[in-house]
Amino acid sequence: MRMAIAEAAKGDFPFGAVIVRDGTVVSTGRNMGATNNDPTAHGEMVAIRRFVADNPAKDLKGATLYTSGEPCPMCMGAIVWCGLGRVVYAASIEQLEKRIGQIMITSKAVAEAAPFLTVAITGGVLATEALALFDKK
């Protein structure tokens with residue numbers, strides 16, 4: 001999680017992600033929306049895109065994604081479609097909504113709407129550290 005928070009600190013907006021497979025970091029990403037003029041360039045999306053640029057997408061199945069903020073519905077949808085097996089996030093949608101605009105749909109709600117896949121979700125890991133990045137931007 002600290003790696004995801006470190007990525008977030010370098011982003012256009014304080015969101016970062018790290019994908020781990022079999023104990024090895026296989027991709028990282030940070031929010032690049034302003035840099036790339038791309039509103040879909042959230043940390044999770046950047047990490048997924050970086051991975052699939054050089055690897056088969058099927059190799060994401062079962063991997064874990066660590067992210068500084070609970071994935072939005074777009075990112076969580078991509079996580080589901082990639083078959084990632086676990087998501088660990090720091091700040092929740094509810095916590096983030098107090099700092100920025102958010103679509104108030106949780107990761108759990110998106111995952112539960114996909115009966116073809118089970119995604120383990122753990123939240124609140126180092127949330128205070130992740131939220132502190134908003135005070136620095």
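The labels are DSSP runs numbered from the N terminus, with helices (H or I) of at least four residues and strands (E) of at least two. The model is predicted, so that local features need pLDDT of at least 70 and side-chain atom pairs count only at pLDDT 80 or more, whereas totals for chains, interfaces and linings use all residues. Residues are numbered from 1 along each chain as its sequence is written, and side-chain values use heavy atoms, with hydrogens and water left out.

Entry 2, pairing of E1. I found that E1 (residues 16-21) and E2 (residues 24-30) pair in the antiparallel sense over six bridges, where pairing requires that DSSP finds at least two bridges between two strands. Arg-21 has Thr-24 as its bridge partner in E2. E1 also pairs in the antiparallel sense with E3 (residues 64-69), over four bridges, and there Val-20 has Thr-64 as its bridge partner.

I traced an open sheet of five strands in the order E2-E1-E3-E4-E5, with mixed pairing. The edge strands are E2 and E5 (120-122), each of which pairs on one side only. Neighbouring strands are turned by 15° against each other on average, direction ignored; axes are lines fitted to C-alpha atoms, for helices over the stretch in contact, and angles run from 0 to 180 degrees between N-to-C directions. E3 and E4 (residues 86-91) pair in the parallel sense over five bridges, and Thr-67 has Tyr-89 as its bridge partner in E4.

Contact here means heavy atoms within 4.5 Å.

Entry 5, burial. I checked E1 and found five of its six residues buried, where buried means under 20% relative accessible area, exposed over 50% and partly exposed in between, with a 1.4 Å probe and protein chains only. Thr-64, in strand E3, counts as buried because its relative accessibility is 12%. Leaving aside neighbours within four places in sequence, Thr-64 is in contact with Val-18, Ile-19, Val-20, Leu-84, Arg-86 and Val-88.
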